[in-house]
Amino acid sequence: MSSPSSALSTRVLLVCAAIGVATGMLGGVAGWVTVPVIAGPAFLYGLVLGSHVLPGIIAQEVLRRPLVALITHVVAALIASAFNPAWTMRFLGTALLFGAIQEGAAALTRYRSWGAWRFFISAAVIGVIVAVVVYLAVDLSVRPTWEQIAYLVIAVLGPVAWTAVGLSIGSALTRAGVTRR
């Protein structure tokens, strides 16, 4: 059994799992609405995909340790896959990408700086990547100019908005005593 001071103690892994299950259910819902959103108001897809930043944001805000974003993202992807098995590889790919970006931002500060600015920088990076990849994958260039612009703005701001939600949830969990030893 892991000691309480180890980076990946049983307590840390259980918190990651709990956050992963909760956010994975939201990810499953996001998977269900993806096709209708892309087929209809595609410019809103950034809000849908942006919800996938939550596992890592909440885990890092609560635990402030290495690897918690990546572990929590993978758990969330597995839970989301139970809701929509056809999207399993997309969920896992998104989890690995978003988790790696969030871990990378934390690693750049040597896991010592946990200010909101750091979370929002990783969210903006994720938003830019999402904007470019989805723009090309869905061929939004055939849409009206206003919709292309709205898509790009919402794709970048979606993960930023969800990050604010995640930080709020993480702070509430911390106040509730989730991180007590």
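1. Is R64 buried, partly exposed or exposed? R64 comes out as partly exposed, at 38% relative accessibility. Here buried means under 20% relative accessible area, exposed means over 50%, and partly exposed is what lies in between (1.4 Å probe, protein chains only). The partner of R64 is E61, and their side chains meet in a salt bridge at 3.3 Å, N to O. E61 itself is buried, with a relative accessible area of 10%.

2. Some ground rules before going on. This is a predicted model, where local features need pLDDT of at least 70 and side-chain atom pairs count only at pLDDT 80 or more, while totals for chains, interfaces and linings use all residues. Residues are numbered from 1 along each chain as its sequence is written, and side-chain values use heavy atoms, with hydrogens and water left out.

3. Back to the charges. Side chains of opposite charge can pair when their charged atoms come close. A salt bridge is taken as a side-chain nitrogen of Lys or Arg within 4 Å of a carboxyl oxygen of Asp or Glu, and the search of the whole structure turns up two. Besides R64 with E61, there is R143 with E147, whose closest N and O atoms are 3.0 Å apart. R143 is partly exposed at 22% relative accessibility, and E147 is buried at 7% relative accessible area.

4. Now α1, which runs over 10-39. Helices are DSSP runs of H or I with at least four residues (strands are E, at least two), numbered from the N terminus. Even so, α1 has a kink of about 40 degrees at V33, shortly before the proline P36. The bend at a residue is the angle between axes fitted to the seven residues ending there and the seven starting there.

5. On a 1 Å grid over the protein atoms alone, a cavity is a set of points where a 1.4 Å probe fits but cannot get out; a pocket is an open set with protein on both sides within 12 Å along at least five of seven lines; lining residues have an atom within 4 Å of a point. Grid points are joined across faces, edges and corners, and a volume is the space filled by probe spheres set on the points.

6. The count is one cavity of 30 Å³ or more, and the largest cavity has a volume of about 110 Å³. Its lining has 13 residues, with G27, H52, P55, A76 and A77 nearest the centre. α4 (68-83) gives the most to this lining, with four residues. The lining of the largest cavity divides into six nonpolar, seven polar and no charged residues. For those classes, Ala, Val, Leu, Ile, Met, Phe, Trp, Tyr, Cys and Pro are nonpolar, Asp, Glu, Lys and Arg are charged, and the others, Gly among them, are polar.

7. The largest pocket holds about 380 Å³ of space. It is lined by 20 residues, and Y45, L49, T94, V133 and V134 lie nearest its centre. By class, this lining has 15 nonpolar, four polar and one charged.

8. Last, a spot of backbone to look at. R110 lies in the loop between α5 and α6 and has a positive phi of about 55 degrees although it is not a glycine. Y111 lies in the loop between α5 and α6, also with a positive phi of about 55 degrees and also not a glycine. R110 is exposed at 60% relative accessible area, whereas Y111 is partly exposed at 22%.
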